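Here are a few exercises to work through with the model open in your viewer. Try each task before you read its solution.

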Amino acid sequence: MTILTFSGTTPAEALKKAQLEVGEEAVLIETREIQKKSLGKSALYEIVVGVEEDAAPKPKPKPQEPLTKQRPLAQKSSDVLYNISEAAKQISKIAEVTEEERSAPRQAPAAESEDLRRIKEEIEKLGDKVKLIQNMFWSEKTPKTTAAIPPEFAEIYRLAQQSGMDQEHLDEIMHLTLEHMPSKMRESSETVKRYFQVLMRKMIPVRIETPPKNGGKKVIMLVGPTGVGKTTSIAKLAARFSYLLEKKYKVGLVVLDTYRIGAVEQLMQYARMMKLGIETVVDPPEFSSALNALRYSDYILIDTMGSSPYDKGKIEKIYECLRGNDTDYSVDVVLVMPSSIKYEDLKATYENFAPLGIDTMMFTKLDETRGFGNIFSLVYETKVPISYFSVGQEVPEDLVVASSDFLVECLMNGFRKGEMP
């Protein structure tokens with residue numbers, strides 16, 4: 001084995017020189033500092049590598065091909081990632097040497113401990129650069145943004161775009177991040193990710209759950225398309241208010257969904273199990289009478305008929321009930337939508353139900369999707385707060401009171417049911 005030494009102002013620089021000279025076959029033997037950094041002088045590091053004598057010589061680089069014969073971008077990207085992988089192995093070896101020295105039983109001088117700390121910092125910076133370069137090749141297409149995306153922002157941009165967030169919203173948030181983020185925080189992709197998450201949390205409006213005031217009551221109406229889980233969500237809310245909170249409230253149910261016999265029977269079954277009062281409404285004039293019949297309740301929950309967002313007739317019938325309400329009770333209208341449809345469909349659903357006067361939104365089926373950027377884009381666009389998330393079919397367990405932290409965590413890292421708040 002031939003022993004060779006290479007020097008540089010950092011271990012990374014010395015490693016790069018070694019790779020250029022002897023290729024990837026070299027084995028790292030030792031890393032040491034031979035000149036400390038001082039006033040007017042840079043630090044100098046030396047690495048010792050070994051090369052097997054029978055190792056094949058490094059081939060000379062071929063002259064660059066003309067543009068018309070260059071390889072496609074996807075092939076170039078894979079080559080870059082392969083070389084990065086080899087560099088990462090060398091970085092790991094440096095880290096192992098550092099850890100061995102750090103864990104040695106002898107008492108190291110203070111100056112040597114400082115050297116190890118600096119080496120570790122260089123390794124972390126180099127490792128982060130490897131990660132940044134990898135993320136730069138996550139797509140063959142250049143991101144369609146109005147401004148260039150710095151390498152440190154490549155990972156967060158990729159995650160947000162793959163989450164289903166609207167491109168215009170993503171570009172706007174990225175612009176705000178680039179404009180306001182302190183330059184010191186841009187040195188690491190991890191600090192960029194944390195800053196981006198904090199920024200998004202501030203952009204997500206949520207409705208804090210508050211109990212009825214003394215002597216008052218809350219009337220909550222769930223509206224939305226067919227099959228989004230309104231009836232199951234009503235049962236979850238009823239169980240929450242009746243049994244799960246510190247104070248046990250009286251809950252009454254009103255059913256407007258007389259079009260589906262199954263839905264009425266399902267809600268009546270829940271009402272019998274939880275011993276709740278329940279009223280059915282066939283025509284809009286009966287709506288006020290149903291509310292008055294449940295005036296003893298602290299919470300009145302209203303289940304409405306599901307309809308296509310484009311079925312104006314059914315939406316108009318719900319509106320007639322609200323317009324004909326001659327009681328003193330204010331109705332809080334909650335639009336229920338599935339998280340598993342794309343942003344454009346969520347937006348169209350919202351716009352068609354908007355005439356009902358949407359107060360908050362509730363999103364269901366979080367356990368059936370991987371992308372949550374569509375939810376972020378809708379609340380960012382409409383500024384309507386979120387009140388609840390439904391994360392499964394279990395009653396009453398699979399209900400989460402909305403928080404911006406929860407949504408951002410799902411958006412960045414995916415939904416994990418076992419780690420619900």
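**Exercise 1.** At what angle do the axes of helix 5 (residues 167–180) and helix 6 (residues 189–203) cross, and within what distance do they come?

Before you start: this is a predicted model, in which local features need pLDDT of at least 70 and side-chain atom pairs count only at pLDDT 80 or more, while totals for chains, interfaces and linings use all residues. Residues are numbered from 1 along each chain as its sequence is written, and side-chain values use heavy atoms, with hydrogens and water left out.

*Solution.*
- Step 1: Helices (H or I, at least four residues) and strands (E, at least two) are DSSP runs, numbered from the N terminus. Axes are lines fitted to C-alpha atoms, for helices over the stretch in contact, and angles run from 0 to 180 degrees between N-to-C directions.
- Step 2: The axes of helix 5 and helix 6 cross at roughly 120° and come within 11 Å.
- Step 3: Helix 5 and helix 6 are therefore oblique to each other; angles under 35 degrees count as roughly parallel, over 145 as roughly antiparallel, 65 to 115 as roughly perpendicular and the rest as oblique.
- Step 4: With contact meaning heavy atoms within 4.5 Å, helix 5 contributes L170, I173, M174, L176, T177 and H180, and helix 6 contributes Y195, F196, L199 and M203.

**Exercise 2.** Describe how helix 6 packs with helix 13 (residues 404–413).

*Solution.*
- Step 1: The axes of helix 6 and helix 13 are 9 Å apart, at an angle of about 135°.
- Step 2: This pair is therefore oblique as well.
- Step 3: On helix 6 the contact uses K193, Q197, M200 and R201; on helix 13 it uses S404, D405, V408, L411, M412 and N413.

**Exercise 3.** Is S339 buried or exposed, and which residues does S339 touch?

*Solution.*
- Step 1: Find S339 in the loop between strand 8 (331–338) and helix 11 (343–353).
- Step 2: S339 has a relative accessible area of 1%, so it is buried (under 20% relative accessible area; exposed is over 50%, partly exposed in between; 1.4 Å probe, protein chains only).
- Step 3: Leaving out residues up to four places away in sequence, S339 touches T364, K365, L366, T369, G371, N374 and I375.

**Exercise 4.** How far apart are D303 and V223 in sequence and in space?

*Solution.*
- Step 1: D303 lies in strand 7 (residues 299–303) and is buried, at 0% relative accessibility.
- Step 2: D303 and V223 are 80 residues apart in sequence, with a C-alpha to C-alpha distance of 7.3 Å.
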